[in-house]
Amino acid sequence: MENILEIKNLSKKYKDFELKDINLKLPKGMILGFIGENGAGKTTTIKAILDIIKNYKGEIKIFGLDNRKDEKKIKEDIGVVLDDMFFPEILTPNDINSIMKDTYNNWDSGLYFKYLTDFSLPKNKQIKTLSKGMKKKLEIAAALSHHPKLLILDEPTSGLDPIARNEVIDIFQDFIQNEECGVLLSSHITTDLEHIADYITFINNGKILLSKTCDELLENYGIVKCTESEFKKLDKTDFIKYKKKKYEYEVLIENKTAFNKKYGINTIDKITLEDLMLLMIKGVK
Amino acid sequence: MEIIISNSSGVPIYEQIKEQIKVKIVSNELKAGELLPSIRNLAKDLRCSVITTKNAYEELVNEGYIKTIPSKGFYVAEVNIEIAYEEQLNKIEKMLDSAVSIAKMNNIPRKTINEILDILYEEEN
């Protein structure tokens, strides 16, 4: 098994939204950043992986096994953090330990309480009294404490301050020190992903727009800033999208070196994932 | 081992890692037979992706600076220092070549180029 997670032709139709033919692969030992604006289909895809939503078309394999047929076996080895808190708010972190102990065969109370200490989380306070950031950290601690092999995280760093985000990202990198493990991380905080993601999959309006290694994206893609007359000379095949701004054109290109060779335009900026998202969604062609 | 990564330099991160390890090998700071950090460990410590450090190591293997022993890790190879030195000189010559052609194209005198070099060297110290 090369891929710890593999989605083939996943489709799901709702009244006002549709997931169309989603394909996605997460090789072992890697972190995949799943990006897209709110409502693009990230959470729906994740819920399909976890078999929370029903009646979708396509095939989802986790650890090489079918996510529906072998659900029980698979779930033992998955750690999940969802965007909306799923612990009842009247419980305390201590209660969570008791519940999880009965849920997972591999639950490791020692590890769980170690995370609570590392994250400075109280053991005996009701969840509803915790701050948003603390709740998130509690969910992450709970997701990690049964020694999962695959982490599925929906916006795990949203609501966290930069220091806490940094701690959490450290944990994800620690996690893949074991090359049998993998992380699927959806986020719109793209700077976190730029550093640690091996692959980026970009979803928009229910469709995958782009799936590449993060290095390939950040090194080869670029934004050309040019004048209108320069822009008019460009072949349509040489750029992906463009945006006309007040004083300049911003043009998204796929290969900085080739573009520079062909047109001799030197004002090509390095791209960030945020620029990429913006131009892909708001740009025209 | 010290590796300094700049996120704004425009040089791909895998290349920064590769070049800095190379320099350490050529200058004998890293000695033949020495064990390098694992791909995953290095990625974590440098806060970059695993693919990035993997690329850096793969290229170093291809260029003969390091070797891999399966399920043990990456080790510094016996490197012919003279060849490595020569390679670095070639690289400098290439870069200076493009600098000189820009200078000639714009009629910038050699004296000015020398001055720039002097300034750059002073900055280093």
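These legends describe views of a predicted model with a chain A and a chain B. Residues are numbered from 1 along each chain as its sequence is written, and chains are lettered from A and ligands numbered from 1 in the order in which they are written. Because the model is predicted, local features need pLDDT of at least 70 and side-chain atom pairs count only at pLDDT 80 or more, while totals for chains, interfaces and linings use all residues.

**View 1. Chain A meets chain B.** Here 17 residues of chain A are in contact (C-beta atoms, placed from the backbone, within 7 Å) with 14 residues of chain B. Two or more residues on this side of chain A come from each of α6 (162-175), α7 (190-196) and α8 (214-220) of chain A. The most, three residues, come from α8(A).

**View 2. Residue types on the side of chain A that touches chain B.** This side divides into six nonpolar, five polar and six charged residues. Nonpolar means Ala, Val, Leu, Ile, Met, Phe, Trp, Tyr, Cys and Pro; charged means Asp, Glu, Lys and Arg; the others, Gly among them, are polar.

**View 3. Elements of chain B.** Chain B has five helices and two strands, which are DSSP runs numbered from the N terminus (helices H or I, at least four residues; strands E, at least two). From the N terminus on, their order is α-α-α-β-β-α-α.

**View 4. Extent and contacts of chain B.** Along its principal axes, the C-alpha trace of chain B spans about 55 × 30 × 25 Å. Of the contacts in chain B between residues at least 6 apart in sequence, 55% join residues at least 24 apart.

Methods
Two residues are in contact if their C-beta atoms, placed from the backbone, lie within 7 Å.
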